[in-house]
Amino acid sequence: MLIKREIERTDILEFPNPPPVGGKMSEYVAAVQVLKLKRCGEVLVIDVFRRADEGLLFRFFSDGNTFLITEKWPVERWDKSLSIFLYLEYIEAAEGDIELAHQMLKDKQPPWYYTSGIKNEMTSFIRGINEKKQEQTMERKYSKMTEHFNMFPDYPDDLADYCDTNVFRYTYIFLSKIQKGKREAVCGHCGHKFFVSKDVKPGQNGICPGCEMVAGYRAIWAKGSYKEKSNICITHKFKGQLLIRWTKVVRTFNDTKPIYHFDDYYRNLYLHTSEGPVIYAYDYKPVIHWGENWYRQKNGSVHYGESFVYTNNLKEVFGDFYYHVDLEAGLKDAGSLSFTSLLDNLKNIPAAEYLFKLGMPALAARCDWLEPGNRAGFSEVLGVSKQYLPLYSKFNVTMLEHKIIKAAKTYVSETNFEKLRLLAPKTTDYNDIVDILKNVSFERFVNYFSKQKALNNEKALQYILILYKDYLSMSESLKVDMSRKSVYFPKNIKEAHDLILLRFNKIKYAKEDETFKQNYGKLYYGIKEYKKGDYCIVFPASRSDFIAEGQSLKHCVGVDRYYQNHIAGTKMIFFVRRAREPEKPYYTLEIDMENLKILQLYGFSDRAAPPEVNKFANEFLSRLPVRKDNRIRVATTA
């Protein structure tokens, strides 16, 4: 046992003079001795000196079970880490001193560690102690986690059926080939068998006459499976305590019946302990060097992610009312929302109860962003006309949809709102949408972008917005007269964008290509060319390369934001080519250089990459260097 007051009375050992190793003299030397102290017992003392001035570098004390280190004598601060050793390459000591230290420290050193000097004797001892502590911590951690996980019951018996009807809300009807002018049909949800006319074909939509569920017609003879994914939140009650799990749901149709697979990815336990109420949290996630597994989070951590909520046991868990609202009834068709935020808001924000009772649980779950205070009334809380109340209640308007409606300068009818919902905007689209709504009516906005989405194979709204904003930006730079509606809203935005892009490039990118060329070495510093098997990586060398890649593969890598992110070094573009055709565009790879992960990997017309190209791209990713500052800050032209 090390008693600080006693070892602080020990004298510094004499400066040693060990023989040089390999004919070279180390910058540091060590003296070693075992002292017999009255209270501590036998204590190993290792004093490390600088050879140049014989000054003390640090003192190391150990009783064979634990250790203490100090860099100042008399002691100013005790240390128990490896930090002092990080920049010491070698410490000389006599062989007898090394053996003396080994005999005192060997029992705690890892059995796999090979010692080869006085420094390694100390560091391996410290590592052995730390590993044992980590092992004991992990044992306690997993013991507690096992105890907590055993509190969770099995998934509800009706969970698969609930997901069919409340999460996915549609099924497939499988069609046979035509026989005697009709087809046999089987519902994937209820199993009902019936006949349809030969005019009904795979790819169309319909309704099952048995369960009345909306369905898509699929060919029963088609190979492969139909797979959908979603997330669902499930609550439980264990001895009066609340348990919440978030589960990944995968529904697969391999035949005519759905097969469900459920995997939890986050768990919260609201438990009463001897120290008071504690929120325990566990997150299932991949961690570098440790793999994918459950990891204990800091007490009090909660999951705010959005998901569907399993409602069939909410009365059992929360009672008939939770802060004056019926959760089961209000969330029955609520869609995906943050259940944790909803519970918090119902408890703390009066407006949440008001919105929930009006049939707006999605807004109730996010009303903390509204800063409503104690205001009452639909218009006062949301800042929009009371005329919208029926629409908001009918469609359970989300926070993003509400913000878009609020930004509109013209009235949003129910018909036009439904068009907005079909456009499926994302949070990242909001600023672009607001910019456009400054100059156009809401009706024109949804009609135009709905048409453009249809013309472009139902691409995501973000893709259409990028094309449109880029088109406007280039037109402004080229001083195009935008007063005509046919110019401001071209019939086909993709065709108009690509046409004006050719003119724009001739003027702008000659100068940017020169800037790119000057900064090429700095941008790709530490990134090596990579080639393996049938594939190779080609680095963009000019702004024009982005344009050519986008035009050849008919995707949007040519738009300015990809180039700007690339030259900033934050999100970089690399061209995946066939090794035998390195000049011919094949697949385009976008990598987040700050987090070292693949963001996009697309080929012609945004076609997903095959497994072998994905594998090659990930191999290239694994060879990228980690940078302390990925922002390159290359000078750009206006």
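## Getting started

Helices (H or I, at least four residues) and strands (E, at least two) are DSSP runs, numbered from the N terminus. By that count, the protein chain holds 22 helices and 21 strands.

This is a predicted model, where local features need pLDDT of at least 70, side-chain atom pairs count only at pLDDT 80 or more, and totals for chains, interfaces and linings use all residues. Residues are numbered from 1 along each chain as its sequence is written, and side-chain values use heavy atoms, with hydrogens and water left out.

## Overall dimensions

Along the principal axes, the C-alpha atoms of the protein chain fill a box of roughly 100 × 70 × 60 Å. The radius of gyration, taken over C-alpha atoms, is 33 Å, whereas a compact globule of 638 residues would have one near 26 Å. That globule rule is 2.2 Å times the number of residues to the power 0.38.

## Inside the protein

Of the 638 residues in the protein chain, 48% are buried, meaning under 20% relative accessible area (1.4 Å probe, protein chains only).

Now for the cores: a nonpolar core is a set of buried Ala, Val, Leu, Ile, Met, Phe, Trp, Tyr and Cys residues joined through side-chain atoms within 4.5 Å. The largest one has 113 residues, and Phe-339 is one of those with the most contacts inside it. Helix H16 (residues 461-477) gives the most to this core, with 10 residues. Apart from it lies another core of 25 residues, including Tyr-28 and Ala-93.

Conventions
Buried < 20%, exposed > 50% of the residue type's maximum accessible area, 1.4 Å probe, protein only.
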